Amino acid sequence: MRKLLLALGLAVATAAGAAGTAQAEGERFVFVSHAPDSDSWWNTIKNALNVAAEQMDVTVEYRNPPTGDIADMARIIEQAAASNPNGIVTSIADINALEGPISDAVAKGIPVITVNSGTVEQSKQLGAMLHIGQPEYDAGKGAGERAKEAGVTKFVCVNHYITNPASVERCQGFADALGVELGNQMIDSGIDPAEVKNKVLAHLRANADTNGILTLGPNSAEPTLAALQENGMAGEVFFATFDLSQGISEGIKADVIDFAIDQQPYLQGYLPIVLLTNYARYGVIPPNSINSGPGYITKDNIEQVEALAGEYR
């Protein structure tokens with residue numbers, strides 16, 4: 001009997017040790033974004049990565065092309081895959097340019113989750129485990145439905161990142177909700193603040209019947225605010241934007257911006273690291289993609305959101 005108990009004790013200890021090997025710590029993940037160094041919107045995602053890394057006891061490396069060059073981003077994904085991390089998280093800024101590197105990483109057996117730019121369909125096409133982000137067309141359409149209720153009939157979509165297909169989807173959804181053609185109602189503004197402001201002013205001068213504006217983030221929203229303040233249209237035209245910044249918050253509080261569309265970037269940084277860690281340790285992961293947005297930030301909830309802006313919102 002004593003020998004039997006000893007044998008059972010050894011078996012239990014061995015099983016516990018085997019289970020312990022699945023609960024490893026110190027995994028390493030690489031997060032690759034398309035954002036240039038100048039894009040402060042990604043600071044919330046970077047903070048989320050830090051929080052997730054600390055909570056999960058893992059290492060997360062954030063990498064991006066300094067100028068936002070997509071070819072450079074493709075090389076970064078290749079380098080990340082070559083380093084054999086426990087997982088890669090990446091945006092799909094341009095599926096044509098990134099399909100090869102992302103698919104190659106998946107083929108190597110590296111778990112990949114896509115976030116932010118791109119669609120669920122594109123994520124599946126690339127072989128990623130799931131996508132965490134905002135359905136961009138639907139977000140644009142939801143904003144357009146609100147604009148239509150407010151009486152908007154002609155608008156301008158200020159697109160500061162026109163090479164990103166997701167940005168065009170935002171503008172197209174807005175146009176479809178209004179029941180109008182997008183056409184020249186979308187302008188390629190670039191990201192230089194002075195250039196954005198001048199292009200918005202020029203468009204509004206040439207299209208005096210414009211009664212709605214959609215901007216796609218702080219890089220286009222804040223210069224557009226400056227343009228409206230200069231031409232006297234601030235508060236006189238329907239104005240919606242994607243994402244949040246201090247300038248956007250001030251615009252909402254001043255009744256110049258009607259609302260901001262929130263894709264909750266914190267979740268785009270936090271969730272993939274938590275999910276990949278659990279997959280690496282226990283082999284579990286949700287079977288479906290996750291919508292992190294859209295939500296709407298208005299004057300009614302801006303105080304709560306503003307207190308967390310740049311860190312968690």
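**View 1. Confidence along the predicted chain.** pLDDT is the predictor's confidence in each residue, on a scale from 0 to 100, and in this predicted model the chain averages a pLDDT of 92, with 92% of the residues scoring at least 70. Over residues 1-22 the pLDDT is below 50, and this stretch has three contacts in the model beyond near neighbours in sequence. Where pLDDT is low, the predicted coordinates should not be read in detail.

**View 2. The open sheet with parallel pairing.** Six strands form an open sheet in the order β2-β1-β3-β4-β5-β11, and their pairing is parallel. The edges of this sheet are β2 (59-63) and β11 (290-291), each of which pairs on one side only. Within the sheet, strand β3 (residues 87-91) pairs with strand β4 (residues 112-115) in the parallel sense over four bridges, and S91 has V115 of β4 as its bridge partner. Helix α4 (residues 95-107) packs on the sheet, where α4 touches β3 and β4 and has a direction that makes about 160° with that of β3. Helix α11 (residues 265-282) also packs on the sheet, touching β1 (28-32), β2, β3, β4, β5 (130-133) and β11, and the direction of α11 makes about 155° with that of β5.

View 3. Strand β6 (residues 155-159) runs parallel to β7 and is joined to β7 by three bridges; V158 has its bridge partner, I187, in β7.

**View 4. The largest pocket.** The largest pocket has a volume of about 460 Å³, and of the 28 residues that line this pocket, H34, D39, H160, Y161 and N164 are the closest to its centre. The elements that give two or more residues to the lining are α7 and α9 (218-231), and the largest share, three residues, comes from α7. By class, the lining of the largest pocket comprises ten nonpolar, 13 polar and five charged residues.

**View 5. The second largest pocket.** The second largest pocket holds about 200 Å³ of space, and S40, W41, L244, S245 and G310 are the closest to its centre of the 14 residues that line this pocket. Its lining divides by class into five nonpolar, six polar and three charged residues.

**View 6. The largest cavity.** The count comes to one cavity of 30 Å³ or more, and the largest cavity has a volume of about 60 Å³. The residues that line the largest cavity are I92, A93, D94, I95, G118, T119, Q122, E136, N164, P165, A166 and E169, and by class they are five nonpolar, four polar and three charged residues. Helix α7 (residues 165-178) gives the most to this lining, with three residues.

Conventions:
Residues are numbered from 1 along each chain as its sequence is written. This is a predicted model: local features need pLDDT of at least 70, side-chain atom pairs count only at pLDDT 80 or more; totals for chains, interfaces and linings use all residues. Side-chain values use heavy atoms; hydrogens and water are left out. On a 1 Å grid over the protein atoms alone, a cavity is a set of points where a 1.4 Å probe fits but cannot get out, and a pocket is an open set with protein on both sides within 12 Å along at least five of seven lines; lining residues have an atom within 4 Å of a point. Grid points are joined across faces, edges and corners, and a volume is the space filled by probe spheres set on the points. Ala, Val, Leu, Ile, Met, Phe, Trp, Tyr, Cys and Pro count as nonpolar, Asp, Glu, Lys and Arg as charged, and the others, Gly among them, as polar. Two strands pair if DSSP finds at least two bridges between them. Contact means heavy atoms within 4.5 Å. Axes are lines fitted to C-alpha atoms, for helices over the stretch in contact, and angles run from 0 to 180 degrees between N-to-C directions.
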